[in-house]
Amino acid sequence: MLRSALPLLLASLATTAMAAPLDLPALIECRQGVADHAALAPLLADPLKAVAQGLQPLPQGNQFMTEFRLANPVTVFGQQTERVALAGASIMAILDQADPHPLAKRLQLETGYDQDGKFMAGREVVSRDVTDPVTGEAQIESIILSVSTVTSHPGKTLAGCTYSLDLPAEDEVPGGTDGGH
């Protein structure tokens with residue numbers, strides 16, 4: 001659902017965001033915003049920049065994710081990890097936890113799918129009206145916390161956050177910039 005304007009906005013925000021140190025735990029736990037997430041774009045494009053930020057690119061075991069080993073392990077959701085994955089607008093910790101259910105329950109996530117060994121649960125933690133600083137266009141910033149499993153990583157749980165900017169539905173009239181949940 002990301003619109004064509006998102007890459008341009010993310011590119012402009014990435015330059016600003018790269019000036020601050022990358023706070024992976026805050027990104028993974030949905031404690032930052034789209035502008036902070038935009039700092040990841042240059043890392044995906046340049047492995048040397050990734051390494052400079054403590055992210056060692058790993059061989060791609062899943063065609064939909066880019067995986068990194070961390071130079072320094074981080075603690076997220078009360079667990080330590082040294083691996084993270086990026087997939088589209090999502091950043092996830094790869095946790096050594098075979099059963100995702102306890103973490104999803106603790107984070108109060110709604111189960112979206114749970115069968116055939118595949119699990120997905122999530123919850124929107126932020127939904128707010130924003131204005132594109134370049135175009136002045138109204139947008140909705142959405143941040144979704146999720147926990148899932150993936151067949152390429154047996155015995156692991158992926159937990160993290162998806163950051164997106166969407167255009168409001170045509171029948172919606174955006175309110176102020178403080179419309180968070």
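## Contacts along the chain

Start with how far the contacts reach: in this predicted model, residues 24 or more positions apart account for 54% of the protein chain's contacts with a separation of 6 or more. As for burial, 42% of the 181 residues of the protein chain count as buried.

The protein chain has 6 helices and 8 strands. Reading along the sequence, you get the pattern α-α-α-α-α-β-β-β-β-α-β-β-β-β.

The 8 strands make an open sheet with antiparallel pairing, in the order 1-2-3-4-8-7-6-5. Strand 1 (55-57) and strand 5 (110-115) sit at the edges, each pairing on one side only. On average, neighbouring strands of this sheet are turned by 25° against each other, if you ignore direction.

Zoom in on strand 7 and strand 8 and you'll find 9 bridges between them, in the antiparallel sense. Take Ser-148 as a reference point: the bridge partner of Ser-148 in strand 8 is Leu-158.

## Two nonpolar cores

The largest nonpolar core has 33 residues, and Ile-28, Leu-55, Phe-77, Ile-91 and Val-147 are the ones with the most contacts inside it. Which elements give two or more residues to this core? On the helical side, they are helix 2 (24-28) and helix 6 (101-106). The strands that do so are strand 2, strand 3 (79-87), strand 4 (90-95), strand 6 (118-131), strand 7 (138-148) and strand 8 (157-166). There's also a second, separate core of 6 residues, which includes Met-65, Ile-94, Val-150 and Leu-158.

Setting aside residues up to four places away in sequence, Val-147 touches Pro-100, Leu-103, Ala-104, Leu-107 and Leu-109, among others. The list for Val-147 also includes Phe-119, Met-120 and Ala-121, along with Thr-157, Leu-158 and Ala-159.

## Thr-157, a buried polar residue

Thr-157 lies in strand 8. Is Thr-157 buried or exposed? Thr-157 counts as buried because its relative accessibility is 0%, and the cut-off for buried is under 20%.

Beyond four places in sequence, the contacts of Thr-157 include Ala-93, Ile-94 and Leu-95, then Gln-97, Ala-98, Asp-99 and Pro-100. Leu-103, Val-147 and Ser-148 are in contact with Thr-157 too.

## Glu-67 and its arginine

Glu-67 belongs to strand 2 (residues 66-76). With a relative accessible area of 6%, Glu-67 is buried. What does the side chain of Glu-67 meet in a salt bridge? The partner is the side chain of Arg-83, at 2.4 Å from N to O. This pair links distant parts of the chain, with Glu-67 in strand 2 and Arg-83 in strand 3, 16 residues apart. The two side chains are also joined by a polar contact of 2.4 Å.

A search of the whole structure turns up 5 salt bridges. One of them joins Arg-69 and Glu-82, whose closest N and O atoms are 2.6 Å apart. Arg-69 lies in strand 2 and Glu-82 in strand 3, so this pair ties together parts 13 residues apart in sequence. How does accessibility look for this pair? Arg-69 counts as partly exposed at 31% relative accessibility, and Glu-82 is partly exposed as well, at 36%.

Another salt bridge brings together the side chains of Arg-31 and Glu-29, at 2.9 Å from N to O. Here Arg-31 counts as exposed, with 52% relative accessibility, whereas Glu-29 counts as partly exposed at 21%. Why isn't Glu-29 counted as buried? Its relative accessibility is 21%, and buried means under 20%.

Key. Residues numbered from 1 in each chain as written. Predicted model: local features only at pLDDT ≥ 70, side-chain atom pairs only at ≥ 80, totals over all residues. Heavy atoms only, no water. Helix = DSSP H or I, 4+ residues; strand = E, 2+ residues; numbered from the N terminus. Buried < 20%, exposed > 50% of the residue type's maximum accessible area, 1.4 Å probe, protein only. Polar contact = N/O pair within 3.5 Å; in protein donor to acceptor, adjacent residues only side chain to side chain. Core = buried A, V, L, I, M, F, W, Y, C linked by side-chain atoms within 4.5 Å. Contact = heavy atoms within 4.5 Å. Salt bridge = Lys/Arg side-chain N within 4 Å of Asp/Glu carboxyl O. Pairing = 2+ DSSP bridges. Axes fitted to C-alpha atoms, helices over the stretch in contact; angles between N-to-C directions.
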